[in-house]
Amino acid sequence: MSLLALEQVHFGFSRGTKVLRDVSLSVTQGQNLGIVGESGSGKSTLLRLLLGLAAPQTGRVLSAGQPLDRSTMQAHRRFVQPVFQDPYTSLDPRMTVRQILTEPLRALGLAADPEAEVLRALSAVRLLPEAADRRPRDFSGGQRQRIAIARALIARPKVLLADEPVSALDLSTRASLIDLFAALSQQLTLVLVSHDLAVIAALCPSLVVMEQGRIVETGPTRQILDAPAHAYTRRLLASLPRLPR
Ligand code: ADP
Ligand code: MG
C-alpha cells in the first residue's frame with residue numbers, strides 16, 4: 001500500500017527558480033525509503049512537501065491515496081510526523097518533556113489520557129518515565145533526539161520523515177539511535193534523509209538519489225550501492241562517508 005506519493009511534482013520558492021523538477025515517488029508501507037543527494041539537491045524541500053508544509057506548483061501529493069488538500073490535511077498531520085537534524089534547537093528549552101510531548105496531542109485534538117500517551121511514547125524511545133518532569137537541558141544530544149522522536153510518535157503516525165536525524169550526534173550515540181529507528185520500523189515506515197550510507201544501508205531497503213531537484217536513480221538500496229547506474233550516483237557514493245558497522 002502506498003502511504004505517501006509525489007506525482008510529477010514541480011516546486012520553486014520563487015517564480016523562475018526550480019528546486020524540485022518532475023519528482024515522482026511512492027512510500028510503501030513497511031518499506032523504509034532512504035534519500036541521498038548533495039547539499040542543495042532538494043532533499044529537505046521534498047520532505048516539506050511530503051509533510052504538507054509546502055505545496056507543489058504543479059503535480060500532486062497523495063496521503064494514503066488521497067490528494068492532499070484542506071479536507072485531508074487534518075488526518076495527514078497525524079499520519080506523518082517529522083524528526084529534524086538538530087535536537088538542540090528543535091525542543092523548546094522552557095518546556096518540560098511532558099509539555100513537549102502533550103503539545104501535539106492538544107494541537108491535534110487527540111487523547112483522552114495524555115499521561116498514558118506520554119509514558120507510552122517515552123517507553124517507545126527507551127527513556128524512563130521520570131524524564132517527563134525534566135527539561136531538554138537535563139539531557140544529552142542523543143537523549144534529546146529520543147525526546148524529539150517521542151514527540152513525533154505521540155500522535156501514532158504511520159510514517160516518520162527524518163531529515164539527517166543522527167548527523168549532529170557522535171558515533172556511539174548514532175549507533176544506538178539507528179537501533180531505535182530499526183525497532184520503530186516494525187510499526188511504522190521511515191523516510192530517511194542522510195548523507196551517511198551506512199545509516200541508509202542499515203535502515204532503508206529502498207533508495208532515491210537526487211541531483212539538482214531531480215530523482216536521477218531509484219531502486220533497491222543494495223543494488224544501487226553495489227552497482228550505481230549513473231555517473232552522478234557513482235561520484236556521490238565515492239564522496240559520502242562509509243562508516244564501518
Ligand atoms: P538539501 O536538503 O538537499 O540540502 P534543500 O531542499 O534544503 O536541499 O534546498 C534545495 C534548494 O532550495 C537549494 O538551492 C536551497 O538554496 C533552496 N532553498 C531551500 N530553502 C529555501 C527557502 N526557504 N527560500 C529560498 N530557497 C530555498
Ligand atoms: Mg537538507
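This report describes the strands, sheet pairing and pockets of a predicted model.

In this predicted model, local features need pLDDT of at least 70 and side-chain atom pairs count only at pLDDT 80 or more, while totals for chains, interfaces and linings use all residues. Residues are numbered from 1 along each chain as its sequence is written, chains are lettered from A and ligands numbered from 1 in the order in which they are written, and side-chain values use heavy atoms, with hydrogens and water left out.

Helices (H or I, at least four residues) and strands (E, at least two) are DSSP runs, numbered from the N terminus. Two strands pair if DSSP finds at least two bridges between them.

Strand E7 covers residues 159-163, and five of its five residues are buried, where buried means under 20% relative accessible area, exposed over 50% and partly exposed in between (1.4 Å probe, protein chains only). Val159, Leu161 and Asp163 lie on one side of E7, Leu160 and Ala162 on the other, and both faces are covered.

E7 is joined to E6 by four bridges, and the two run parallel; Gln81 stands opposite Leu160. With strand E8 (residues 189-193), E7 pairs in the parallel sense over five bridges. Leu161 has Val191 of E8 as its bridge partner, and Ala162 has Leu192. Between E7 and E8 the chain passes through helix H6 (residues 171-184) in a right-handed β-α-β crossover. Right-handed here means that, with the strands pointing away from the viewer, the path from the first strand over the helix to the second runs clockwise.

**Pairing of strand E1**

Strand E1 (residues 2-11) is joined by six bridges to strand E2 (residues 20-28), and the two run antiparallel. Ala5 has Ser26 as its partner in E2. E1 also pairs in the antiparallel sense with strand E4 (residues 58-63), over five bridges; there Glu7 is partnered by Arg60.

**Pockets**

On a 1 Å grid over the protein atoms alone, a pocket is an open set of points with protein on both sides within 12 Å along at least five of seven lines, where a 1.4 Å probe fits; lining residues have an atom within 4 Å of a point. A volume is the space filled by probe spheres set on the points, which are joined across faces, edges and corners. Ala, Val, Leu, Ile, Met, Phe, Trp, Tyr, Cys and Pro count as nonpolar, Asp, Glu, Lys and Arg as charged, and the others, Gly among them, as polar.

| Pocket | Volume | Lining residues by class |
|---|---|---|
| Largest pocket | about 320 Å³ | eleven nonpolar, one polar, two charged |
| Second largest pocket | about 170 Å³ | five nonpolar, one polar, three charged |

The largest pocket is lined by 14 residues, of which Leu51, Arg77, Val80, Gln81 and Pro82 are the closest to its centre. E6 gives the most to this lining, with four residues. Among the residues lining the second largest pocket are Arg120, Arg156, Lys158 and Gln187.
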